[in-house]
Amino acid sequence: MPDLIDVLRTLPHDVTPGPAGADVVAADVARGHRALSRRRRRRIACSSAVLAVAASVAVGTGQLTRPGDSSAPAARGSSAAPQASRVQLVAYTGAQPVGFKVRTVPEGWHVVSSDRSAFVVAPPGTDTSPSKQNPDGGKAVSLEGRIAVMLQGMSRLPSHSPVTKVDVNGEQGRLGFADGGNAKTRSKWLIFPDGAGHKVLVQVPASLGLTDDQIVRFARGITVTSDAQTTGG
């Protein structure tokens with residue numbers, strides 16, 4: 001029993017000369033056993049505390065790094081959430097509309113309507129078929145989720161909508177949200193004079209994510225031709 005021997009060596013001894021009696025030896029052994037028990041209890045207690053701390057750290061680490069946990073930290077070199085793709089305006093190289101000429105369109109979008117009353121472009125992968133038949137035999141084109149350019153006509157920004165005043169080729173334009181629709185279907189309207197007596201209306205779906213600066217830049221590239229007419233006549 002190495003532990004007991006070590007303990008006995010550390011116990012104070014009676015330095016009184018003479019052989020130790022049996023009762024003295026028995027008392028020393030008893031004290032040694034008690035000291036050894038205390039030492040073992042301390043070791044067990046320390047080991048348990050270390051194990052508890054390690055288990056706590058392991059559990060905490062598991063909670064922080066569990067796959068799919070929204071609170072898990074992002075891996076080094078990656079962002080916490082994927083960045084949404086931004087729509088970029090690029091030069092328009094297609095056939096110019098009859099009523100409105102444009103210099104830019106969102107990259108990848110295509111023209112779905114180009115006549116004297118409107119210029120409409122739609123995002124890739126969308127249905128471009130006419131939505132219904134007009135009474136005069138023409139085809140009606142949906143504007144939902146699309147950018148449209150037309151003359152203002154009777155369209156007005158709602159009085160309760162906050163309006164941002166912007167500069168469009170030296171003329172003051174008004175930018176705000178139109179009435180109706182929800183977060184996915186509502187539109188931003190930019191109404192501005194073109195300097196030649198026309199009031200132009202640009203409709204942009206809010207879900208597209210174009211910034212106000214991009215909408216203004218798009219509007220600055222619009223030219224109203226002499227063939228343009230207000231929708232409906």
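Q: What makes E4 and E5 a pair of strands, and how are they arranged?
A: E4 and E5 form a hairpin with four residues between them. This is a predicted model, and in it strand E4 (residues 110-114) is joined to E5 by four bridges, with the two running antiparallel. Pairing takes at least two bridges, so four bridges meet that mark. One of the bridges links Ser 114 to Phe 119 in E5.

Q: Why is Ser 113 called buried?
A: Ser 113 has a relative accessibility of 12%, and buried means under 20%, so Ser 113 counts as buried. Ser 113 belongs to strand E4. Setting aside residues up to four places away in sequence, Ser 113 touches Ala 118, Phe 119, Val 120 and Val 141.

Q: What makes Tyr 92 and Phe 119 an edge-to-face aromatic pair?
A: Their ring centres are 5.9 Å apart, and rings pair if the centres lie within 6.5 Å. A search of the whole structure turns up one aromatic pair. Tyr 92 and Phe 119 are both buried.

Q: Why can this pair be said to tie together separate parts of the chain?
A: Tyr 92 lies in the loop between strand E1 (89-91) and strand E2 (100-101), while Phe 119 is in strand E5, so the pair ties together parts that are 27 residues apart in sequence.

Q: Which residues does Ile 147 touch?
A: Leaving out residues up to four places away in sequence, Ile 147 touches Pro 106, Trp 109, Phe 119, Val 120, Val 121, Gln 203, Val 204, Pro 205, Leu 208, Leu 210 and Phe 218.

Q: Gln 203 is on that list, so is Gln 203 buried or exposed?
A: Gln 203 sits at 12% relative accessibility. With buried set at under 20%, Gln 203 counts as buried. Gln 203 is found in strand E12. Beyond the neighbours within four places, the contacts of Gln 203 include Leu 143, Arg 146, Ala 148, Met 150, Lys 188 and Trp 189.

Q: How do you know whether Phe 100 is buried or exposed?
A: Relative accessibility for Phe 100 is 0%. Buried means under 20%, so Phe 100 counts as buried. Phe 100 is in strand E2. The C-alpha atoms of Phe 100 and Val 224 are separated by 4.7 Å, although these residues are 124 apart along the chain.

Q: What makes E9 and E10 a pair, and what is found in their turn?
A: Five bridges join E9 to E10, running antiparallel, and at least two are needed, so E9 and E10 pair. Val 168 has Glu 171 in E10 as its bridge partner. The two strands form a hairpin with two residues between them, and Asn 169 in the turn has a positive phi of about 55°.

Q: Why does the charged end of Arg 186 count as close to a ring?
A: The charged end of Arg 186 sits over the ring of Phe 177, 3.8 Å from its centre. The distance cut-off is 6 Å, so 3.8 Å falls within it.

Methods:
Residues are numbered from 1 along each chain as its sequence is written. This is a predicted model: local features need pLDDT of at least 70, side-chain atom pairs count only at pLDDT 80 or more; totals for chains, interfaces and linings use all residues. Side-chain values use heavy atoms; hydrogens and water are left out. Contact means heavy atoms within 4.5 Å. Buried means under 20% relative accessible area, exposed over 50%, partly exposed in between (1.4 Å probe, protein chains only). Rings of Phe, Tyr and Trp (its six-membered ring) pair if their centres lie within 6.5 Å; planes under 30 degrees apart count as stacked, over 60 as edge-to-face and the rest as tilted. A charge sits over a ring if NZ of Lys or CZ of Arg is within 6 Å of the ring centre and within 35 degrees of the ring normal.
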